[in-house]
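Trainee: I am new to this structure. Can we go through it step by step?

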Amino acid sequence: MNNKHFIFFAVFFLGVSNLYAGIRPSFSLDYSAWNATHIIVATEGEAIDGNFTVLKSLKGNLGYGETITIQELSNFTSESSRQVKEGYSEIPIASKFVTGAKMILFLRKNPKSKTIWESADFYKDFKTSVLWIEGEETFAFIQTMNPGNSILVGYGKKEIEIKSKIFEINGIENSFNDVLKIENKAERAEKLQDFVVSDFYLAQTSAFGELKKCGKEALPVLRKMLGNQSLLEVHDKVIETMAAVGGEKVGNDLTEIVKEEMIFWKETAPKLSEGWWSDINNPDTENLRNRYSKVLEAIRQLKNLRFRNCKKVVTQFRDFWRSLPQLEDKDGLNQMSEECDELLQELKAKT
C-alpha cells in the first residue's frame, strides 16, 4: 500500500517513534541492489578478518578470485556477534551461527574514499549491506520490532531467489540508465513515463527525480499523465513534480485541479458514509483515497507557490468540504480544510 494512505496518522506515529522507539538499520534487498555499484558473492575463508575473495560477480566489474577488504566486517570475529536469533523475541537460537563461508555483499565504490568501498545500505551500515548464506538458508540483520535492535535473523529466501531478484533489478536499472543518456530533455521525459508506473518503487521515485531535472521540458508529459486516470495513484507525485519544474506557471493548472475535484466530491461525498476512508471492503476506497491525495497535493503546492489567483476556488472548496461530516471528519479528513486555511492565510500575508 502506498505510504500516502497513512497520511492522517503520520503525526501520531512520528510522536510515538520519537518518544518510545527508534528506527534501526535493516537489510533491504531492493534498496541495496539498486544503490550498489558492485554486488558480489564472496567468501571470507576460515578467518573472520574482513578480507574477501570473490566467487561470483552479480553487478560491477570485480572478477572471480579477486580480493577486497571491508574492515568493518572484521568485527564479526566472535561467535556471539554471528549468532542467529528469533525474530520477535531476540532470543539466540542455540548453536546457530553464520560462518562467513559464503556471503552476498552489496557495495558502492568510492575512489575518493580512503577505504574505497562503502555500504550500499540506506544507513551506510555494512552489517545491513550483507546477506549470509549457509546451505539453503540466508540470514540478514533486520529490526524485526520497533522498539528493538537490528538482529541477525533468517531472511526467508533461498540464494537462487535472491540472485533472480538482483538480476531483475539490474535489468530495470540498466533500462533506466539508458533513458538518462537521452540528451533531449523532452524526449527523455517522455521515456521516463514508463518508470513512473513501475511496480519497483525505487525506479518510480527515481523517475520523478529525473523528471524534475528535465525542467520545463517535462511539463507536457506531466500534464498528459494528469489526464490519464489509470495513473491516478501517482497523480499527487505528478503534481508535486509539476510545481517543482513549472513554478507559478502551473498555478492555473493546479487551480483547475481543485475546481475539477470539487465537482467530483460534490457529486460523490453526499453518498458516502462517515469513516469511508477505513472501509477496506469497498472497492472504491482506494480510488477515493487517491482522489483525496491528488487535491490535497494541489492545495499544498498552491500554498508553496502562493498563487494568488486560486483564492476564490480554494475558498469555495474549503467551505464545501466543511459542509459535510463525511469530509470534515475530525479524525483526519479535516486536514484538507486546514490546508486550505493555511493557503488562504499565506495569500493574505502576501497582499
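Mentor: Start with a term. Rings of Phe, Tyr and Trp, the last by its six-membered ring, pair if their centres lie within 6.5 Å. Keep in mind that this is a predicted model.

Trainee: Which residues do ring pairs link into a cluster?

Mentor: Apply that cut-off along the chain. A search of the whole structure finds 17 aromatic pairs. Ring pairs join one cluster, made of Phe 264, Trp 265, Trp 276, Trp 277, Tyr 292, Phe 317 and Trp 321.

Trainee: Which residue lies over the face of Phe 264?

Mentor: Look for a charge within 6 Å of the ring centre. Here the distance is 3.8 Å, and the residue is Arg 291.

Trainee: What kind of pair do Phe 76 and Trp 132 form?

Mentor: Planes over 60 degrees apart count as edge-to-face. The ring centres of Phe 76 and Trp 132 are 5.5 Å apart and the planes stand at 70°, so the pair is edge-to-face.

Trainee: How many residues apart are Phe 76 and Trp 132?

Mentor: Phe 76 sits in the loop between β3 and β4, while Trp 132 is in strand β8. The pair links distant parts of the chain, and the separation is 56 residues.

Trainee: Is strand β6 mostly covered or mostly uncovered?

Mentor: Buried means under 20% relative accessible area. Strand β6 spans residues 103-109 and has seven residues; five are buried. That makes β6 mostly covered.

Notes:
Residues numbered from 1 in each chain as written. Predicted model: local features only at pLDDT ≥ 70, side-chain atom pairs only at ≥ 80, totals over all residues. Heavy atoms only, no water. Buried < 20%, exposed > 50% of the residue type's maximum accessible area, 1.4 Å probe, protein only. Helix = DSSP H or I, 4+ residues; strand = E, 2+ residues; numbered from the N terminus. Phe/Tyr/Trp six-rings, centres within 6.5 Å; stacked < 30°, edge-to-face > 60°. Lys NZ or Arg CZ within 6 Å of the ring centre and 35° of its normal.
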